[in-house]
Amino acid sequence: RISHLHAVEILDSRARPTLAVTLTTDDGTRVHAGVPSGASTGTREAVELRDGDRGRYHGQGVLAAVGHVNGEIARALTGRAFASAADVDRALIELDGTGTKARLGANAVVGVSLAVARAEAALAGRPLWAHLARIAGTEPRLPVPHFNVVNGGVHAPGDLDFQEFMLAPLGAPGLPEAVRAGAEIYTGLKALLSAGGHTTGLGDEGGFAPAVDRPEKVLELLVEAIDAAGYRPGRDGVALALDPAAGEFRAGDRYRVAGEELTSDQLIDRYEEIVERFPVWSIEDGLAEDDWDGWVRLTDRLGDRVQVMGDDIFVTDPAVITEAIDRRVGNSALIKVNQIGTVTETLEALRVCREAGYARMVSHRSGETEDAFIADLAVGTGCGQIKSGAPARGERVAKYNRLIEIGEEDRALPFGLTTG
Ligand code: PGA
Ligand code: ZN
């Protein structure tokens with residue numbers, strides 16, 4: 001039973017307000033949760049509640065969402081006996097009543113849902129990852145970290161349209177080696193950028209934001225950095241992953257990349273050339289969320305060579321993912337708890353993917369707190385992949401460090417991609 005629920009307005013990594021939730025149970029167990037927030041969001045995401053009062057935080061305050069946790073949600077949940085965290089999530093969905101969490105605020109709902117899952121794990125006396133594995137019925141496994149080392153799009157200033165360029169140490173023998181590879185290549189890349197006369201300022205996820213506009217130029221630099229750090233570029237060493245977040249450079253029915261206007265098919269051609277030239281193994285949001293026909297062709301053209309991963313288009317929604325599976329859109333899904341709003345629905349989205357043979361990557365948001373829930377989620381659900389930004393900046397590193405701790409908690413955990 002929940003005896004006390006309390007939210008407070010704190011800051012995320014982008015100097016914007018978000019919620020911290022504290023939950024206390026009858027027996028005195030106390031847990032916390034911090035709520036993340038995206039910038040390149042899908043239109044069908046669960047709806048965050050922002051105050052809109054221009055006089056505070058440029059309208060970005062979350063006092064109304066905080067008020068909902070401390071008022072309506074606390075009244076509905078405290079003192080009542082729930083059989084499981086899933087039951088609490090269902091009560092939250094019902095209480096909100098909108099289907100999009102717009103009334104109470106997805107930020108309020110997700111904060112409570114994360115805290116409730118943590119409390120349930122604590123009451124069961126299990127680490128969170130082990131508890132989530134039990135609920136989901138999955139084999140836990142340490143995921144391959146995907147380090148976002150060059151930031152563009154809406155996460156950085158400048159003219160680079162593709163949003164994320166990630167290092168994927170697929171060939172690492174274990175998690176600590178993967179983290180080490182990411183960190184060594186990141187620091188080497190900094191030196192390489194400096195030597196080439198580029199600035200080494202950072203974007204929102206801790207990756208560098210050089211003044212380069214062609215994605216191929218960045219990919220060349222990354223291969224050079226991998227090589228220079230003594231690793232092998234490729235799937236048996238360190239591969240690359242892209243999140244162009246193409247919805248952000250959609251211009252009418254075209255895509256604007258480095259000043260060129262491309263059709264869906266021209267952009268797909270461009271990806272094909274990239275895949276042939278560089279060790280890119282995964283492309284997330286290669287096309288926009290309104291371009292389902294393009295997605296079918298993209299999947300058809302590249303789906304047997306790379307992960308064609310849906311983020312903004314799927315928004316961690318089991319119903320949308322089911323539709324995508326039917327229409328052969330993508331072959332893998334990015335998973336973000338706050339896109340759908342509760343842990344229970346997130347586990348459902350993961351199950352739908354698993355049963356259809358869609359690969360899964362658990363993800364942070366560009367606005368983060370030090371909460372490392374997603375590390376436990378990725379391990380517990382055995383999805384094999386995670387992205388949490390650069391191997392630098394506290395809110396990003398918190399997730400990677402938690403993975404290392406989990407690896408120490410249970411040294412028998414396997415590491416790496418799943419085959420199914
Ligand atoms: P967001 O970006 O958190 O700003 O939505 C992350 C992503 O697109 O994967
Ligand atoms: Zn994305």
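A polar contact is a pair of N or O atoms within 3.5 Å; within protein, one must be able to donate a hydrogen and the other to accept it, and residues adjacent in sequence count only if both atoms are side-chain atoms. In this predicted model, local features need pLDDT of at least 70 and side-chain atom pairs count only at pLDDT 80 or more, while totals for chains, interfaces and linings use all residues. Residues are numbered from 1 along each chain as its sequence is written, and side-chain values use heavy atoms, with hydrogens and water left out.

With that in hand, we can turn to ligand 1. A polar side-chain atom of Ser366 lies 2.5 Å from one of the ligand 1 oxygen atoms. For Arg365, a side-chain N or O atom is 2.7 Å from an oxygen atom of ligand 1, and for Gln163 the corresponding distance is 2.9 Å. The protein covers 100% of the 280 Å² of accessible area that ligand 1 has on its own (Shrake-Rupley method, 1.4 Å probe).

The aromatic rings come next. There are 7 aromatic pairs, counted when ring centres of Phe, Tyr or Trp (its six-membered ring) lie within 6.5 Å; planes under 30 degrees apart are stacked, over 60 edge-to-face and the rest tilted. Phe162 and Tyr271 form a tilted pair, because their ring centres are 6.0 Å apart and their planes at 45 degrees.

Notes: Chains lettered and ligands numbered in written order.
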